[in-house]
Amino acid sequence: MPRLALRFSTQTLLLQLGVVLLVVLLSGTVHAWLVYGRIGTEAENQALTLARTVASDPVIRSQVEAISKESGTPPAAVLAGGPIQAAAESARSRTGALFVVVTDETGLRLAHPDQARLGERVSTDPSDALSGKEVTTRNTGTLGPSAGAKVPVYAPGSAATPGTAATVVGEISVGYSMESLGQSLAEDIVPIALTAAGSLIAGVLASFLLRRRLQRLTLGLEPEEISTLVHDQVAVLQGVDDGVIGISADGRITVFNAAARRLLGMPEGSGTPGSPATSGSTDGHVLTGTDWADAAVPAQLKALTQPSAHDAEAVEIVAGGRVLVANARKALHRKEDLGWVVMLRDRTELQELTRQLDAVGTMSAALRAQRHEFANQLHTIAGFMSIGQHGQAKDYLARISATGPLKFPVQQAELLQDPYLQAFVGAKSVEADERGVALRIGPETLVREHVTEPQDVTTVLGNLIDNAVNAAVAGSSTQRWVELELLDEPGPDGGTLHIVVADSGDGLGGIEPERVFVEGFTTAEAADGGIARAGGQGLGLALVRQLARRRGGDVRVLEPGSPGGPGAVFMATMPGVTGTPGDAALAEPSPQAKPPAAERKEGH
């Protein structure tokens, strides 16, 4: 034990020293950078002062003006022996500047430390100074990197004062070498280094004192001993923001938080009958102590903790009227197996938003087509009226009233009087027609009231129609069709809508009808592949049934169908989704009747 304690204490000390060293190095680097920036700023200001002094020299101003008035620039040999070069070099040698450059109004050098470059254009842009501005710069020229300034040279008798015209005849560029700035920084580095060393020593001393204090506070316990105190809390720390179920290595539930109970739809105080659940629990651990294999949780969750399951593999389940994403992770502390952590995340709102967007997209497509058709119809009526064919206009209006406002590829569309159902079923008929399936309205259809819960109707009706279209496409019959019948039943709290959907597919193929409503059921599980699916996840029909039952209705299979057709017949009963036109305009979805999200990818 002393050897382990020394190892832990040494690691803690080294970590603290590393942090202190890192902070000291960062602080020293920032300090050095600030000093370097300050020195550079001072060099720029010094260069600006020198440039102003040179630019105000009467000799410089008169000579530069004289050259600027001439056509062309004097040869380099003439400039090298001229007064401008002499004055510039004198100023440079007195101040220790890297360069003092004088140019004419076009940016050609009249003075430069390297006489071979006289008469050439400057390497950096002189336009700001030649336009009358004073600027400080840090750039790299022909003499290397420098910090400097550029100021304009005005003609004698001309100055940049308000209300007067200033004539710029050239510019002065002064720079100090960045290498000299580095030398200045080196002179200041000693105080910086001493400060950093003092901080490091103070940090080391504080680390030793903290180490002794930690040993007193932990009563000398080592990590192995402390781990026994936090063994049951590791699982919670791995997923505290979501539903968390912790299973120990011996297969018993050690953590079952309130979020997990809520997401799984368990009431307060629920648990497996006869289980040793903790009484008086207020934190949601209602199944604590229960054997995981006997716990009243969905079988999909238990399958995640099987030895053959992949760690952290996520699955979607439906529980408590919600769509949940569940995954399990193996909890390990060093090499010790602590068991499993099952985490639950709620995707209900995301699924509901997806469903609403699907409905909005379908309706918007239908409304765009309807607006276009209405425009064509109005133009036709206006044409009849303009040529005096009132009888023709009257007959045309009668035909529109008989066939519906929009010519969707749906048979007997005139049986639907509700605008919402007309638009939605019409849009679905377009999708079905693209897949070679005829969507028709059954002769028994009669909807006298208006839809007041369009989102719920979209979920149920859309899933059933999509499933039927998939089945018709996959069926062996040459006549592909889907027949829809709707009937409303008025009631004091809103009417009940009965939906019956049949198709030309091959039916359930011997599959037990109730199996298609089980979460996660797919046709891959069926030996004969009786049900056609289009990339679903086994959630659509399960959610549709839960939605209908939460409203007091149901979804069931009326006829399982037969090979060669006709296919399966589904019936949905949805109370409280229709009403009078006034109710439809004022209706708002009630919180208790708000359905879970549904996916429209599931086949029968």
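Mentor: Let's start with Val23, which counts as partly exposed because its relative accessibility is 46%. Keep in mind as we go that this is a predicted model. Val23 belongs to helix α1, which covers residues 2-55. Together with Leu15 and Val19, Val23 makes a nonpolar surface patch of about 280 Å².

Glu44 counts as buried because its relative accessible area is 12%, and the cut-off for buried is under 20%. What does the side chain of Glu44 pair with? It makes a polar contact of 2.7 Å with the side chain of Arg138. Leaving aside residues up to four places away in sequence, Glu44 touches Thr136, Thr137 and Arg138, and also Ala147, Gly148 and Ala149.

Now for the charged pairs. Side chains of opposite charge can pair when their charged atoms come close. The structure holds 15 salt bridges, and a few of them are worth a look one by one.

Take Lys69 and Glu65: they form a salt bridge in which the closest N and O atoms are 3.6 Å apart. Both sit in helix α2 (residues 58-69), and because they are 4 residues apart there, about one helical turn separates them. Their surroundings differ, though. Lys69 has 65% relative accessibility, so it counts as exposed, while Glu65 is buried, with a relative accessible area of 19%.

Next up is Lys428, which forms a salt bridge with Asp466, with 3.1 Å between the closest N and O atoms. This pair links distant parts of the chain: Lys428 is in helix α13 (residues 419-434) and Asp466 in helix α14 (residues 454-474), 38 residues apart. Both Lys428 and Asp466 are buried.

Then there's the salt bridge where the side chains of Asp488 and Arg448 meet, at 3.4 Å from N to O. Asp488 lies in strand β14 (residues 481-489), whereas Arg448 is in the loop between β12 (438-441) and β13 (450-451), so the pair ties together parts that are 40 residues apart in sequence. Asp488 counts as buried because its relative accessibility is 1%. Arg448, on the other hand, counts as exposed because its relative accessibility is 52%.

Salt bridges can also share partners, and that is how Arg109, Asp114, Arg117 and Glu120 are joined into one network.

You'll find Met266 in the loop between α9 (258-263) and α10 (299-304). Is Met266 buried or exposed? Met266 is buried, because its relative accessible area is 12%. As for what surrounds Met266, and again not counting residues up to four places away in sequence, Met266 touches Phe256, Arg261, Leu287, Ala296 and Val297. Look at Ala296 in that list: Met266 and Ala296 are 30 residues apart along the chain, and their C-alpha atoms are separated by 9.3 Å.

Definitions and conventions. Residues are numbered from 1 along each chain as its sequence is written. This is a predicted model: local features need pLDDT of at least 70, side-chain atom pairs count only at pLDDT 80 or more; totals for chains, interfaces and linings use all residues. Side-chain values use heavy atoms; hydrogens and water are left out. Patches are made of residues with over 30% relative accessible area and no salt bridge: like charges are joined within 9 Å, nonpolar side chains (Val, Leu, Ile, Met, Phe, Trp, Tyr) within 5 Å. Accessible areas come from the Shrake-Rupley method with a 1.4 Å probe; for residues, only the protein chains shown count as cover. A salt bridge is a side-chain nitrogen of Lys or Arg within 4 Å of a carboxyl oxygen of Asp or Glu. Helices (H or I, at least four residues) and strands (E, at least two) are DSSP runs, numbered from the N terminus. Buried means under 20% relative accessible area, exposed over 50%, partly exposed in between (1.4 Å probe, protein chains only). A polar contact is a pair of N or O atoms within 3.5 Å; within protein, one must be able to donate a hydrogen and the other to accept it, and residues adjacent in sequence count only if both atoms are side-chain atoms. Contact means heavy atoms within 4.5 Å.
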